[in-house]
Amino acid sequence: MPQQPDRKKTATFWIMFLVIFGIMNVLIYNRFVKQQVAEVGYDVFMKKIEDKTLEEAALSSTQIVFKDKSGNVYKTGLMEDAQLYERLYKSGAKFGAEIEEPMNPLLYYAITFGVQILLLVILWKFMMSRLKKRSGDDPDMLSFSLGGGRGRGTGRIYVKSKNDVRFKDVAGEEEAKDLLTEIVGYLHDPEKYTEIGATLPKGALLVGPPGTGKTMLAKAVAGEADVPFFSISGSEFVQMFVGMGAAKVRDLFKQAKEKAPCIIFIDEIDAIGKKRDASLSTNDEREQTLNQLLSEMDGFEGNTGVVILAATNRPESLDPALLRPGRFDRRIPVELPDLKGRIDILRVHAKKIRISENVDFDTIAKTASGASGAQLANIVNEAALRAVREGRKVVQQDDLMESVEVVIAGYQKKNKILTNKEKLVVSYHEVGHALVAAMQTHSAPVTKITIIPRTSGALGYTMQVDEDEHNLMNRTEILNKVATLAGGRAAEELIFDEITTGASNDIEQATKLARAMVTRFGMSDEFDMVAMEVVTNQYLGGDTSLACSPETQTKIDHMVVQIVKEQHQKAREILQQNVQKLHEIAKHLYENETITGEEFMEILNSSENTLLSGMTQE
Ligand code: ADP
């Protein structure tokens, strides 16, 4: 199969070479070797004189070298011939001149042969390098012929990547690394395990949100164990082999065994490993592929040296058969990094850029709370790009801070024009959030407030950074958060006696929180510890689906409205009590467009009470 086209190519090469080699040699022989001086009898010489076909002759004391009119050169011995000169003269031939005797034919042939061999070697090398690049015989490639292998070309799907990723490049994720170290050990020294009779996991499933380094970890296992790493994504598999998925799975395992020890990485395995269900709209093709995958994983011995790693961010959609021991029996969670993890990831990526020594990674990691490894890598790169844009040679703290905002809220929209009135509303709205947050003791302090529009659609935002990483949130904290979210709208109501569309995102978030309190966190008196909603998509946005009766749903809705209403009222009261500060800080923000947490606290703690006179007018 994969070798066939290559053998054909090699055979074609040899046939072509032999034909060219043959033709060249015949030509050389005719043109040069045959023309070499042939030793003939004196009679031939005389005959040529008589026929007047002699062109010229050179006479020495021992021999005669002569050339006929066709260009052939001969030589013959000297005879006693008194009339020789006279006859030569009559025949019209030139004589006396010395004819240059051509090179020894054997030497000549040896040189041309050498040149041909050299040519052959160069051609062969060129041919081999081309073949290596294209064929599936390359040790770096597992290949499959498409369309039954006849005439439709070869598809390379498992590509060995240049593997220089090591565990040290994957920051954080210590638990995942611990779990994978055993696989590395096994690939390194399988005897240690086989001696004792242990069978190693055939496969491990890396589960986690996108961009947390699953692919990187799989590569790092291969890098550490120094074995080839072949990767394919599940969707590619489905797309490339329409109608022949099962056959290709078989092929894959066969070839992988030949290349063992090696790692096969299937990204997005949910594309082929989705739960088989009893619904009418089943996908036969995918199911067959999955069945084949299941039976192959069962069939191959645990100690062949092939380890299958797969990644998914939808583990709940995988077929249970895939997860049973003997198949993907290791499930390795790769979660979003915690504070320390984020600092480490930032440091790992900062090594690749020129960065100022006094950059405080701690602050950046705190600000980028909830960011994945991929986002953090992006933040560092964005910062480097910003430094270049600003004509600097070194990345600084504010480059990084700005790029965190870019990742959170998008780029600044410099050409978005807000009317003065809009700017004023946004200022009050944002300060409303900040003030409510600051006035509730349990809320995190404000780090930055800005009213520069962003590409995400936000006209302004308030950034709150927790001092410490929170893993738990208590009831009061959630309620405070809802109040903070309501703070923007409350400020608008209080100052302008009018409300705008600017609060839509706050409303969404506040509702989500209040709803989760009732349906998932068991924080309502009425439902106690009963789950009314289940999370269906843990790693991709955390979608939920309701699991209760329509009557309960109505009750839930009432309770959610109640929570939000109460917190909205609380926010209004806080702002009413601090309306002077609200004016003061909003004025500052309106004028400066951005204020930092320190500036905010300074104004908040100052005793000055400047009223924002006339500012409510456009
Ligand atoms: P996934 O497969 O989980 O979606 P990847 O492994 O493809 O994520 O990660 C994408 C990129 O994010 C990597 O190339 C790397 O630059 C960065 N990254 C993610 N996690 C980490 C980590 N723990 N340490 C260092 N870089 C990381």
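How do the residues lining the second largest pocket divide into nonpolar, polar and charged? They come out as 4 nonpolar, 6 polar and 11 charged (Ala, Val, Leu, Ile, Met, Phe, Trp, Tyr, Cys and Pro count as nonpolar, Asp, Glu, Lys and Arg as charged, and the others, Gly among them, as polar).

A word on ground rules: this is a predicted model, where local features need pLDDT of at least 70 and side-chain atom pairs count only at pLDDT 80 or more, while totals for chains, interfaces and linings use all residues. Residues are numbered from 1 along each chain as its sequence is written, and side-chain values use heavy atoms, with hydrogens and water left out.

Now select D398, M401, E402, E405 and K448, the closest to the pocket's centre of its 21 lining residues. Then colour α16 (397–409), which gives the most to this lining, with 7 residues.

Next, show α17 (residues 420–439) and α20 (residues 550–577), which pack at an angle of about 90° with axes 10 Å apart. That makes α17 roughly perpendicular to α20 (65 to 115 degrees). Pick G432, L435, V436 and M439 in α17: they meet A571, I574 and L575 in α20 (contact means heavy atoms within 4.5 Å). This set divides into 6 nonpolar, 1 polar and no charged.

Last stop: T552, also in helix α20. T552 counts as buried because its relative accessibility is 16% (buried means under 20% relative accessible area, 1.4 Å probe, protein chains only). Leaving aside neighbours within four places in sequence, T552 is in contact with F527 and M532.

How values were computed
Axes are lines fitted to C-alpha atoms, for helices over the stretch in contact, and angles run from 0 to 180 degrees between N-to-C directions. Helices (H or I, at least four residues) and strands (E, at least two) are DSSP runs, numbered from the N terminus. Angles under 35 degrees count as roughly parallel, over 145 as roughly antiparallel, 65 to 115 as roughly perpendicular and the rest as oblique. On a 1 Å grid over the protein atoms alone, a cavity is a set of points where a 1.4 Å probe fits but cannot get out, and a pocket is an open set with protein on both sides within 12 Å along at least five of seven lines; lining residues have an atom within 4 Å of a point. Buried means under 20% relative accessible area, exposed over 50%, partly exposed in between (1.4 Å probe, protein chains only).
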